Amino acid sequence: MRLAYLDCFAGISGDMLLAALLDAGVDPSVLENAAAAMHLNATLQIETVDRAGISSTKVHVLENGKLADAPPAKTLAPKQAHSHGHPHSHPHTHDHDHGPDHGPDSQDHVHGRSLTDIRQLIQDSTLAAPVKHTAIRTFELLGASEARIHNVPVEEIHFHEVGAVDAIIDIVAVSAGIHALGADQWVASPINVGGGTVSCAHGRFPVPAPATADLLRGIPTYSAHVQKELVTPTGAALLRALVEENGLTFAQQPAMRVETIGYGAGTRNPKDFPNVLRLFVGETADTARPDDFRVPHPAQPHREGWEAAETNSARHPHHDDSDTVTVLETALDDLSPQVIAYVTETALELGALDVMLSPVTMKKGRPGTLLTVLCNPADSDAMEQLLLRETSTLGIRIRQDRRICLDRAHTTVETAYGAIRIKLGARAGEVLNVHPEFEDCRAAARAHNVPLKQVQQAALAAWHNTQSTSTSLDTKANTKTHG
């Protein structure tokens, strides 16, 4: 299983995540095309920078050839610039991404874009439907947080810094990069929010700022190392979008075989503290077989594509293409469905590979639920504790099962409804399963107001049309695609 792990020891921002995706192998053209698709005269400038001795990638957004985040010449005094009549319905969300603190004097935009404006701007673009969905959802999450903080309807929220060209391009390009990376699983470390205070439009607030703090609800955070803002609203909203759309969980780095590492630089460069977001991309340990952990020579990095999958299949006969998993199950007839749903969600957050609920008939004819948890053996203790602590069970059945896993890959096809990712499953070089990504199909169906099954059928037809019986498997798909 392809895993993306975000190491947020220096926080996270939109431009840092964008640069980390690029540095981890996402094709620059994917991000550049996303910027161009918005028709905002925006381009990306990519450079290599040093952050406390770490060579990192930095991405700047240019608007009409000039830095989009450069402060404009003042035309109004700060007081005039803030006189909107309903100050709290026009929050000046302080962003840009790890630059200097934005005090009230830097709020030079008289009018910001509303959520409706930004939603329409993205919908009118030529972005693929799944990318549009992720970008719009990120802005909706930002708007919802601001609405809660200021106690106003979300459609009255006007974004200033976050509605500027550079922030829009950051979110749109990151959305494109996330889909291009094609990770099956996303995990992030606890988030370092930094410390100190930050200037917002209506005064100074302790870090994290109000919108950021709201977006980070339920996410593990801490404060360490520097007295600076390390998480921006844009970064927090992208994390929240990853939770909703990609099932992002938070934990220490799982067992994995790392293939690429990306370092995305923030603007600041404090002494002795690398202001970077680190992104590990590779394979989870549960799908990587023992020989897969052999370290490649630095001059010969791990090959991408089905060619590598074929090599693995040749090394490992079918009867060895398996791994051991732990299965825990218990039958419950006296527990609220709400609690069962909570236990299911918590188990997945703790690293369960799968959780299944089956209706069963128990003694005395009582209807019950069979709760089955599938996990790596190393996670068994945590799952046992969860089931014993959170459910009403008095005992759990535990066994070790052998399972067979297909080699997995992603490719992208073009349809009348936009780009759709296809998940492929193969064994010994033969493609056995082809499935359009549900989230991509759902987003496309909603965007084009057509039946979901119609999009799925179009995606399958597009994939089959690209195949021929003489085409070798290593040219059929770009496994674990970077773009």
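Residues are called buried under 20% relative accessible area, exposed over 50%, and partly exposed in between, using a 1.4 Å probe and protein chains only. By this scale Lys423 is partly exposed, with a relative accessible area of 30%. The structure is a predicted model, in which local features need pLDDT of at least 70 and side-chain atom pairs count only at pLDDT 80 or more, while totals for chains, interfaces and linings use all residues. Residues are numbered from 1 along each chain as its sequence is written, and side-chain values use heavy atoms, with hydrogens and water left out.

A salt bridge (a side-chain nitrogen of Lys or Arg within 4 Å of a carboxyl oxygen of Asp or Glu) occurs 18 times in the whole structure. In one of these, the side chain of Lys423 meets that of Asp184 at 3.7 Å, N to O. Lys423 lies in strand S20 and Asp184 in the loop between H6 and S7, so the pair ties together parts that are 239 residues apart in sequence. Helices (H or I, at least four residues) and strands (E, at least two) are DSSP runs, numbered from the N terminus. Asp184 is partly exposed, at 22%. Arg2 and Glu259 also form a salt bridge, at 3.7 Å, N to O. This pair links distant parts of the chain, with Arg2 in strand S1 and Glu259 in strand S13, 257 residues apart. Arg2 is buried, with a relative accessibility of 1%, and Glu259 is buried as well, at 18%. Elsewhere, a network of salt bridges links Arg119, Arg137, Glu140 and Glu244.

The interior comes next. In soluble globular proteins, nonpolar side chains tend to be buried together. Here a nonpolar core is a set of buried Ala, Val, Leu, Ile, Met, Phe, Trp, Tyr and Cys residues joined through side-chain atoms within 4.5 Å. The largest such core has 69 residues, and those with the most contacts inside it include Leu6, Phe139 and Trp186. Helix H6 (residues 165–181) gives the most to this core, with eleven residues. A second, separate core has 17 residues, among them Val413, Ile422, Cys441 and Ala444. Cys441 and Ala444 belong to helix H12 (residues 438–448), where they are buried along with Asp440, Ala443 and Ala445. The cover over the buried residues of H12 includes H5, H6, strands S20 and S21, and helix H13, where contact means heavy atoms within 4.5 Å. Just after H12, Asn449 takes a positive phi of about 55 degrees.

Two further asparagines deserve a look. Asn41, in the loop between helix H2 and strand S2, has a positive phi near 55 degrees and is exposed, at 54%. Asn151, in the loop between helix H5 and strand S6, has a positive phi of about 55 degrees and is exposed, at 70%. The backbone also holds a cis peptide bond from Val207 to Pro208, with omega near 0 degrees. Pro208 lies in the loop between strand S10 and helix H7.

Thr372 is buried, at 10% relative accessibility. Leaving aside residues up to four places away in sequence, Thr372 touches Val327, Leu328, Glu329, Asp354, Val355 and Met356.
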